[in-house]
Amino acid sequence: MGNTMRPLCVDLDGTLIYSDLLIESALLLLKKNPFFIFAMLFWLTKGRANLKRQIAVRVTLNATLLPYNLELLAWLKTEACLRPLVLVTASDILFANAVAGEVGLFGDIIASDGETNLSGTKKARLLCDLYGDRQFDYAGNEHIDLKVWAHSHTAIVASDRSTLRQRASMLADETVFFAGRKQSTHQWIRALRLHQWIKNLLVFIPLLAAHRVFESAAIQGAVVAFISFGLCASGVYLLNDLLDLTADRAHHTKRNRPFAAGRLDLKTGILAIPVLTASSIALAAIFLPSRFLWVLLIYLLTTITYSFKLKRVQLLDVVTLAGLYTIRIIAGTVAIVSLLSFWLLAFSVFIFLSLAVLKRCIELDAARERGLIDIPGRAYRPDDLSVLQPMGVASGYLSVLVLALYINSSASETLYHHPQFLWLVCPCLLYWVSRAWFVAHRGKMVDDPIVFAVRDRTSQITLAIAGILIFLSL
């Protein structure tokens with residue numbers, strides 16, 4: 001590069017890390033209390049620098065878990081032996097100090113201070129005043145960094161965007177390129193958790209239970225309900241991931257989620273949430289009965305409340321999860337304009353409570369294997385397993401009892417000509433519930449229980465046998 005004593009100035013957001021600390025810190029604050037959104041709007045009226053400072057003094061940043069650009073970081077370690085490195089960022093100085101302390105390479109830190117938002121032209125002017133025009137090198141990743149590269153000797157571009165690379169090459173005397181964040185369709189599929197749409201197949205259960213599988217209007221209603229719930233659920237999954245960035249990064253598997261790992265842009269994720277939610281509501285409003293829209297809104301409100309608060313409340317979290325599964329069945333009933341079945345609702349509450357508790361037990365067992373005492377974002381400890389496990393098994397067995405009582409009721413006689421075949425479904429369900437808990441107890445269930453049920457060969461065979469028995473009972 002010529003004069004290796006030229007200071008190397010490095011941007012933070014999007015360059016040194018694959019994230020944006022303003023957005024991350026704002027999400028952390030909103031997770032504490034959603035009503036901070038109004039305070040943020042007020043702080044913003046006094047400037048972005050003030051907004052950043054007010055947020056920074058209220059949240060704690062875990063710099064160790066941030067998604068660093070490892071390729072760039074490795075190069076910076078070699079450069080640190082040759083010349084001074086300066087962290088220059090529009091993030092607040094409190095966060096910049098935390099990151100610099102973690103990285104341990106920077107001899108100086110220049111950042112926003114609560115009054116000046118050090119970005120674009122202001123950053124370029126300050127660097128020119130400190131080092132002189134063309135007397136420093138600068139690493140950045142955004143188009144706003146072009147204003148700095150116009151005055152730097154070497155432009156280090158941490159981005160794959162060809163237009164940005166070309167423009168930076170035209171401005172600086174020399175150019176060095178590093179790979180930036182690679183957003184892909186695969187990562188978005190993972191973030192939207194399309195595989196979790198399997199849970200929304202529950203909206204078809206009322207269609208099957210009411211024996212209306214050959215009614216085109218009912219089928220259409222159930223299909224639209226499935227898509228509507230899928231879009232809504234994906235929006236909530238994005239919200240969950242954005243609120244749980246720190247907790248996910250501390251988790252042995254969740255740290256690989258697209259937003260936690262820095263593979264997707266946080267701004268795009270935030271924008272996708274209202275788009276998905278609005279699309280879901282529009283489908284419901286246009287194609288389905290008005291009562292379905294109310295059920296969908298209750299589901300949305302419950303999931304948002306769960307994301308912000310209920311998931312960290314002991315026992316109420318699993319009860320809420322069971323309720324969210326049951327709401328899908330209610331939605332399916334409303335979508336096909338049918339009557340709610342007491343038996344179906346009672347069965348779903350117990351079976352889904354069992355699965356919700358099972359999901360928590362899987363997390364706790366994994367935490368125990370790793371020697372953890374507390375789990376970030378959860379209200380349980382690994383030693384709670386001795387209480388949760390019998391609770392979950394008992395709930396699963398109660399669902400079998402409800403099924404048996406239904407078979408022996410007058411309600412089943414109106415729908416089934418040979419209800420005696422239904423009795424054989426009870427041992428199938430009893431076997432599946434027992435086996436699911438055994439598999440989880442031995443640490444071999446790594447998926448969500450419902451996803452496990454769909455992928456597991458034994459579960460598939462058990463479900464097929466149960467389906468044949470139900471068909472014979474018609």
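Entry one, strands. I found that strand β2 (residues 85–92) and strand β3 (residues 108–112) pair in the parallel sense over five bridges. Pairing requires at least two DSSP bridges between two strands. I noted Thr 89 opposite Ala 111 in β3. From β2 the chain crosses through helix α5 (residues 93–103) to β3, a right-handed β-α-β crossover. Right-handed means that, with the strands pointing away from the viewer, the path from the first strand over the helix to the second runs clockwise. Helices (H or I, at least four residues) and strands (E, at least two) are DSSP runs, numbered from the N terminus.

Entry two, basis. The model is predicted: local features need pLDDT of at least 70, side-chain atom pairs count only at pLDDT 80 or more, and totals for chains, interfaces and linings use all residues. Residues are numbered from 1 along each chain as its sequence is written, and side-chain values use heavy atoms, with hydrogens and water left out.

Entry three, Leu 61. I located Leu 61 in the loop between α3 (48–56) and α4 (70–79). Is Leu 61 buried or exposed? Leu 61 counts as buried because its relative accessibility is 17%, and buried means under 20% relative accessible area with a 1.4 Å probe, protein chains only. Leaving out residues up to four places away in sequence, Leu 61 touches Leu 21, Leu 66, Phe 95 and Val 99, where contact means heavy atoms within 4.5 Å. The C-alpha atoms of Leu 61 and Leu 21 are separated by 8.7 Å, although these residues are 40 apart along the chain.

Methods: Buried < 20%, exposed > 50% of the residue type's maximum accessible area, 1.4 Å probe, protein only.
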